[in-house]
Amino acid sequence: MTGYSTVPYTIAYANELVTDPIGFVSYAGRSRLSYLPSKAGDWVDHHAAKLGSVGGILRARTRDFRDDPARRGPERMRKLNTRRQWRCMDKLLCQVCGESVTGFVSDLIPWALTKTVFERTSLRSGRTNAPPTCWACIPKALEECPMLHEDFALYTVAAARSVGVLADLYRPGVFSSVTLAAHNVFVAWDDFQHHPYALATAQVVELYGMKQVR
């Protein structure tokens, strides 16, 4: 059906996807994007960027039923589970199997990248919203992922640091509606002017000490 013998850890299942309504609400003297109604934990922030931020950035809601086959429904190979993507970035987990990518061969982190998910910032660094892939899963990913067939580079990475999010930007519409203003935009943790209008769909990290090995 999909060509995958293993559904990658970061891929969403049908019943994990959430379509809860969003709108702009008053907060700290200004408007910000919110789920209606909001819940504790809807907004995310970064410890280095709290000064100046108005309550953080709204993160897209997703459920996590990966370990509950009876509830999760069929996989949606073109949809990302935002919670699991975030977990992979925070804990350096493999986007295929969900296990740690560090300590298998060395302290260097294996990172498989395509041009569509990578923006170089210097000769040995760059930003990405794609989590790492462990050494054991790289052959399977190369065999089964169509994107990697077309465009693939494998790096070892010395360090990764969270620098922002990939987000959809909204603006207030008429009669309390919202209008999509931009899709898949990088919003840095210190780009405070865009925080109230952003719905984060993925965390973005900057990779340092990159060395291409394939």
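**Exercise 1. Is Arg 87 buried, partly exposed or exposed?**

Solution. Keep in mind that this is a predicted model.
- Start with the number: Arg 87 has a relative accessible area of 25%.
- Now bring in the cut-offs: buried means under 20% and exposed means over 50%, with partly exposed in between.
- So Arg 87 is partly exposed.

**Exercise 2. Find the salt bridges of Asp 64, and work out which parts of the chain they link.**

Solution. 
- Begin with Arg 84: its side chain meets that of Asp 64 in a salt bridge, 2.7 Å from N to O.
- Asp 64 sits in the loop between S5 and helix H1 (69-72), while Arg 84 is in helix H2, so this pair ties together parts that are 20 residues apart in sequence.
- Next, check how open each partner is. Asp 64 is partly exposed at 27% relative accessible area, whereas Arg 84 is buried at 0%.
- Then take Arg 87, whose side chain also forms a salt bridge with Asp 64, at 3.2 Å from N to O.
- Arg 87 is in helix H2 and Asp 64 in the loop between S5 and H1, so to speak a link between distant parts of the chain, 23 residues apart.

**Exercise 3. Arg 59 has no salt bridge: which side chain of opposite charge is nearest, and how far away is it?**

Solution. 
- Locate Arg 59 first: it lies in strand S5 (residues 57-59).
- Arg 59 is buried, and the nearest side chain of opposite charge is Asp 90, 5.8 Å away.
- A salt bridge needs the nitrogen and the carboxyl oxygen within 4 Å.
- Look at what Arg 59 does touch: leaving out residues up to four places away in sequence, its contacts include Tyr 35, Asp 42, Trp 86 and Leu 199.

**Exercise 4. Describe the hairpin of S11 and S12.**

Solution. 
- Strand S11 (residues 159-172) and strand S12 (residues 178-188) run antiparallel, joined by 8 bridges.

Conventions:
Residues numbered from 1 in each chain as written. Predicted model: local features only at pLDDT ≥ 70, side-chain atom pairs only at ≥ 80, totals over all residues. Heavy atoms only, no water. Helix = DSSP H or I, 4+ residues; strand = E, 2+ residues; numbered from the N terminus. Buried < 20%, exposed > 50% of the residue type's maximum accessible area, 1.4 Å probe, protein only. Lys, Arg positive; Asp, Glu negative; His and termini not counted. Contact = heavy atoms within 4.5 Å. Pairing = 2+ DSSP bridges.
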